[in-house]
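Colleague: Hi! Could you walk me through this model?
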Amino acid sequence: MTTPVTTWHRLADTAVLLDGFHALKHAVRFGAEVPVAVATDRRAALALADELAPDVRDTLAALLTEVPEETYRSLVPRPHPTAVAALAVRPSRAANLELLARAPRTAPVVLLDHPRNLGNAGAVIRLAAGFGATGVVTTGTLDPWHPTVVRGGAGLHFATAVERLTADELPEGPLFALDPEGDDIRGTKLPDDAVLAFGSERSGLSPEVRTRADHLLSLPMRPQVSSYNLATSVAMTLYHWSAFRGS
Ligand SMILES: C[S@@+](CC[C@H](N)C(=O)[O-])C[C@H]1O[C@@H](n2cnc3c(N)ncnc32)[C@H](O)[C@@H]1O
């Protein structure tokens, strides 16, 4: 007999863990395919949906199965305060590459050049989703679909195209690389088809991205401060793009 638990075990190795109510809510809103979702208190989860996500309440009601606390704990690496968890199908690489290549692009792609910190990558995906960026692509060894990144992204990996690429696969478009030594960003309007590149937390932009960049831009920063955090730099740059969009 197929139960939510057998489905969970069958899919757990390949699917994306949605850890908590908010991750499930976001993933459903942005069209994720969710084959299994569990809660220890289905009624409480749906009360949260009534309050915070009436737009997807009926979808969540159809998806959520109540399981005993012990079963829930056996399915997740660590329990979430909402005691809700689900598995989603990861979008195919081919579909994401197609989204990233689509022209004309109406919003920038964020390029994280050899990022190291999983929490930063998750925060950047959340930002990109919030600003409606076309995607977040990474180079290097960090997996942007790592469970810790997905947790930091709050289920918003499904709202933007997230892929790890090689240097040869980077999307087309003018490359604006962010670096404290660049020209002041306040003098530049960022186009919708921009690729916005950010360096690694430890060593900044790689020589390859620096060489390929069409423009090197800096965020305003007082002397004696060396640099901003990666995710906050992405936030300021996307805000700058959005503030001057169409102006
Ligand atoms: C923590 S910083 C990297 C610091 C690194 N030690 C370095 O040498 O650049 C991570 C990334 O955030 C962006 N960033 C941080 N502060 C910035 C600033 N003031 N102007 C432009 N970009 C900045 C850059 O893309 C940078 O590579």
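Predicted model: local features only at pLDDT ≥ 70, side-chain atom pairs only at ≥ 80, totals over all residues.

Colleague: Great. Is strand β5 mostly covered or open?
Modeller: Mostly covered: five of the five residues in β5 (109–113) are buried. Strands are DSSP E runs of at least two residues and helices are H or I runs of at least four, numbered from the N terminus. Buried means 20 or more other C-beta atoms within 10 Å of the residue's own, with C-beta atoms placed from the backbone.

Colleague: And which residues sit on each side?
Modeller: V109, L111 and D113 are on one side, with V110 and L112 on the other.

Colleague: What does β5 pair with?
Modeller: β5 runs parallel to β6 (135–139), joined by five bridges, and parallel to β9 (195–198), joined by four. Pairing takes at least two DSSP bridges. D113 stands opposite T139 in β6, while V109 faces V195 in β9.

Colleague: Switching to the ligand, how many residues surround it?
Modeller: 17, with L178, G199, G204, S227 and S233 the closest; a residue counts as near if its C-beta atom, placed from the backbone, lies within 6 Å.

Colleague: Which elements give two or more of them?
Modeller: β8 (175–184) and α10 (230–244). β8 gives the most, three residues.

Key:
Residues numbered from 1 in each chain as written. Buried ≥ 20, exposed ≤ 12 C-beta atoms within 10 Å, placed from the backbone.
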